[in-house]
Amino acid sequence: MDTTINTIDIILITCNRLHLLKQTIRSLYSRLSTPFNLIVVDDESVDGTLDYLQALKRAGRIKVLISGEHRNICQAYNEGFKYVESEYFITMQDDIIIPLLKPDVIQRLIGLMEKYPEYGGIGCRIQRIPNVNWNQPGPIVPARKALSAYFRIQKKSVIEKIGFGNRDWDDIAFVQLVRDKLGMKVGWAKDLWCDHLGYCKDRGYLVKPRKWGTGIHKRTTQDYILKPYPHVDPITNEPI
């Protein structure tokens, strides 16, 4: 692999989950060796998230901070994408702990993208992703209907053609745009794991009145209660 490591942009979206967000950002700074610029889109948080992010911005740990307007998830990624400069970039959420690897997870994702250029996006897997056959050969398992941005890599030149759409949730929109408009593949990296810190009721979206962010996330009893995630290795995030 080329020893020259270029700075990569990371779009991180967040909403009213400060306790998770802090863990997520700490993991980026402690576990990545690839230099990165952090672009954060905050969806009108009222739990102290904005104050925390503004402090990080003053300290130089956030390059771009976007806040103040209501956005659904696709709109949030579209806003963040306006500031992306690197050819490869990452999209992620505020409840993800990346693995501690050498080379780091970004370099491994770039390696997969370069080896398999037919893929328009590759995402890290988490403790549980339903209805995916992980026994398929090769390092990438094709996504079915969705490819969530737990820690997902894509190319700027690809997203410039299609954007992230305007649906409430980006996971299905991303797959449809990449497959239907560009004829490219999307998939999960079979051996790259993130620790998904879990759900919370309404994922914080209904602190303020919103027309989106409800559905399955409005249920009081959710899958993480009925079927808790397994414990993971704290270094690799692979379930134990």
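Me: Happy to start with a single residue. Why is Asn237 called buried?

Reply: Asn237 has a relative accessible area of 1%, and buried means under 20%, so Asn237 is buried. Please keep in mind that this is a predicted model. Asn237 sits in the segment after helix 7 (223-226).

Me: What makes the phi of Asn237 worth a remark?

Reply: Its phi is positive, about 70 degrees, although Asn237 is not a glycine. Most residues other than glycine have a negative phi. Asn131 is another case, with a positive phi near 60 degrees in a residue other than glycine. Asn131 lies in the loop between strand 6 (119-125) and strand 7 (140-142).

Me: Is Asn131 buried or exposed, and how do you know?

Reply: Asn131 is exposed: its relative accessible area is 60%, and exposed means over 50%.

Me: Gln127 is also placed in the loop between strand 6 and strand 7. Why is Gln127 called buried?

Reply: Its relative accessible area is 12%, and the cut-off for buried is under 20%, so Gln127 counts as buried. Leaving aside neighbours within four places in sequence, Gln127 is in contact with residues including Trp193, Cys194, Tyr229, Pro230, Val232 and Pro239.

Me: What makes the link between the side chains of Gln127 and Asp195 a polar contact?

Reply: The distance is 2.6 Å, and a polar contact needs a pair of N or O atoms within 3.5 Å. Gln127 also reaches the backbone of His196: a polar atom of the Gln127 side chain lies 3.0 Å from the backbone nitrogen of His196.

Me: How do you know that the peptide bond between Lys102 and Pro103 is cis?

Reply: Omega is about -10 degrees there, and the bond is cis. Most peptide bonds are trans. Pro103 lies in the loop between strand 5 (96-97) and helix 4.

Me: What makes Leu109 and Phe151 stand out in the largest nonpolar core?

Reply: That core has 69 residues, and Leu109 and Phe151 touch the most other members. Helix 4 (residues 105-115) gives the most to this core, with six residues. Beyond neighbours within four places in sequence, Phe151 is in contact with Leu28, Ile90, Met92, Ile98, Val105, Ile106, Leu109 and Ile122, among others.

Me: How do you know that the span of helix 6 is close to the expected one?

Reply: Helix 6 (residues 170-182) has 13 residues and reaches 17 Å from its first C-alpha to its last, close to the 18 Å expected at 1.5 Å a residue. Its buried residues are Asp170, Ala173, Phe174, Val175, Leu177 and Val178. Their cover includes helix 3 (73-81), helix 5 (156-162) and strand 9 (185-193). Gly183 follows helix 6 and has a positive phi near 70 degrees.

Me: Why are strand 3 (64-66) and strand 7 called edge strands?

Reply: The sheet is open, with eight strands in the order 3-2-1-4-8-6-9-7 and mixed pairing. Strand 3 and strand 7 each pair on one side only, and they are the edge strands. On average, neighbouring strands are turned by 25 degrees against each other, direction ignored.

Me: How do you know that strand 6 and strand 8 pair?

Reply: Pairing takes at least two bridges, and three bridges join strand 6 to strand 8, so these antiparallel strands qualify. Helix 6 lies across strand 6, strand 8 and strand 9, at about 125 degrees to strand 9.

Definitions and conventions
Residues numbered from 1 in each chain as written. Predicted model: local features only at pLDDT ≥ 70, side-chain atom pairs only at ≥ 80, totals over all residues. Heavy atoms only, no water. Core = buried A, V, L, I, M, F, W, Y, C linked by side-chain atoms within 4.5 Å. Buried < 20%, exposed > 50% of the residue type's maximum accessible area, 1.4 Å probe, protein only. Helix = DSSP H or I, 4+ residues; strand = E, 2+ residues; numbered from the N terminus. Contact = heavy atoms within 4.5 Å. Expected span 1.5 Å × (residues − 1). Polar contact = N/O pair within 3.5 Å; in protein donor to acceptor, adjacent residues only side chain to side chain. Axes fitted to C-alpha atoms, helices over the stretch in contact; angles between N-to-C directions.
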